Amino acid sequence: MPDYLERELERHLAPVRAPETLWKKIDQKRHAPVTWNPGRRLIFSPALALIVLTVAAGAAWRARDITPVAPSASVKTTDSCPMCHATSSGQRIP
Amino acid sequence: MLTAVLEETGEELIESCRRGDPEAFRALFEMYKDRVYSVALRYSGDATLAQDIAQETFVKLFSTIGSFRGDSRFESWLYRLVVNSCFDHKRRTHRLMPLFDGLRSVLRTPSASALDEMLRNETSVQLKSVIASLPPDQRMVIVLRYTQGLSYDEIAEIMGCSAGTVGSRLNRVHKLLETRLARLAGTKGTHHA
């Protein structure tokens with residue numbers, strides 16, 4: 001790199017003195033009381049609770065409508081099928 | 001009391017800070033304030049932003065000094081805090097200003113001819129625009145090198161990369177500046193010959 005460029009960079013990026021007010025700024029920040037900012041949380045909590053409540057109520061309502069399926073009377077559960085109810089000797093399983 | 005604390009060595013000061021001694025915090029601040037502020041200002045190019053960055057760095061330093069185990073040098077650890085604060089601010093604000101404050105007043109000398117002054121201004125404008133357009137890691141490398149005069153190894157330790165990477169980043173910036181300023185340098189050389 002050419003010398004003039006090195007010199008320009010050194011000059012333009014030379015260190016500076018910190019302003020006198022900096023310590024005050026830091027000290028204020030260090031001793032500032034920690035404040036709890038509930039804004040977002042307070043907005044979201046009721047909304048979330050409402051959604052959960054709606055979903056739960058909906059699920060409960062649907063569950064109330066569902067009746068257990070009764071076995072159909074037309075289906076005969078007899079042992080008349082020879083494929084399932086026959087032994088290798090041709091005898092029927094009681 | 002503060003004078004006494006200021007006379008302590010770096011290690012003793014850090015130990016006092018760990019114990020929560022407020023005078024030690026102040027002394028540590030006095031010891032490093034210019035370095036921290038210079039990096040912040042040269043990186044951000046804006047005095048207000050630089051104060052915010054320095055404030056954030058020192059607040060972080062005081063609250064985490066207990067976790068400093070001495071595995072690396074204290075200066076490197078502090079520089080890492082400044083670098084991270086600078087990068088965080090860049091991410092948050094996206095409004096970094098050109099790098100140099102009061103550049104024209106520095107460049108202006110009473111004996112300079114009108115042409116000299118014009119060339120100097122043009123050089124500084126080019127320099128400013130190139131550095132302002134650099135990506136954060138390249139800009140930080142150049143600030144640590146020229147504002148703090150750190151070695152490649154020291155910069156590498158702070159930036160968490162190899163000395164070779166630091167060298168190549170600096171080289172890239174130098175090449176860029178050289179290309180942009182070549183015309184002006186030629187004119188300058190002719191003028192002074």
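## Confidence in the model

pLDDT is the predictor's confidence in each residue, on a scale from 0 to 100. What you have here is a predicted model, in which local features need pLDDT of at least 70 and side-chain atom pairs count only at pLDDT 80 or more, while totals for chains, interfaces and linings use all residues. Residues are numbered from 1 along each chain as its sequence is written, and chains are lettered from A and ligands numbered from 1 in the order in which they are written. The model scores ipTM 0.73 and pTM 0.66.

Chain A has an average pLDDT of 74, with 54% of its residues scoring at least 70. For chain B the mean is 80, and 75% of residues reach 70 or more. Please take care with residues 95-110 of chain B, where the pLDDT is below 50 although the stretch has 29 contacts beyond near neighbours in sequence; two residues are in contact if their C-beta atoms, placed from the backbone, lie within 7 Å. Residues 189-193 of chain B also fall below 50, and that stretch has 1 such contact.

Helices and strands are DSSP runs numbered from the N terminus, with helices being H or I of at least four residues and strands E of at least two. Chain A has 3 helices and 0 strands. Among these elements, mean pLDDT is highest in helix 1 of chain A (85) and lowest in helix 3 (residues 39-65) of chain A (78). Of the 94 residues in chain A, 6% are buried; a residue is buried if 20 or more other C-beta atoms lie within 10 Å of its own, exposed if 12 or fewer, and partly exposed in between, with C-beta atoms placed from the backbone.

The contact between the chains takes 21 residues from chain A and 27 residues from chain B. On the chain A side, helix 1 (3-12) and helix 2 (22-31) each give two or more residues, and helix 1 of chain A gives the largest share, 7 residues.

Leu170(B) sits in helix 10 (residues 163-192) of chain B. Leu170(B) is partly exposed because 19 other C-beta atoms lie within 10 Å. Not counting residues up to four places away in sequence, Leu170(B) touches Val141(B), Ile142(B) and Arg145(B). The C-alpha atoms of Leu170(B) and Ile142(B) are separated by 6.5 Å, with the two residues 28 apart along the chain.

Helix 8 (residues 136-146) of chain B is mostly covered, with 8 of its 11 residues buried. Val141(B), Ile142(B) and Arg145(B) are among them.
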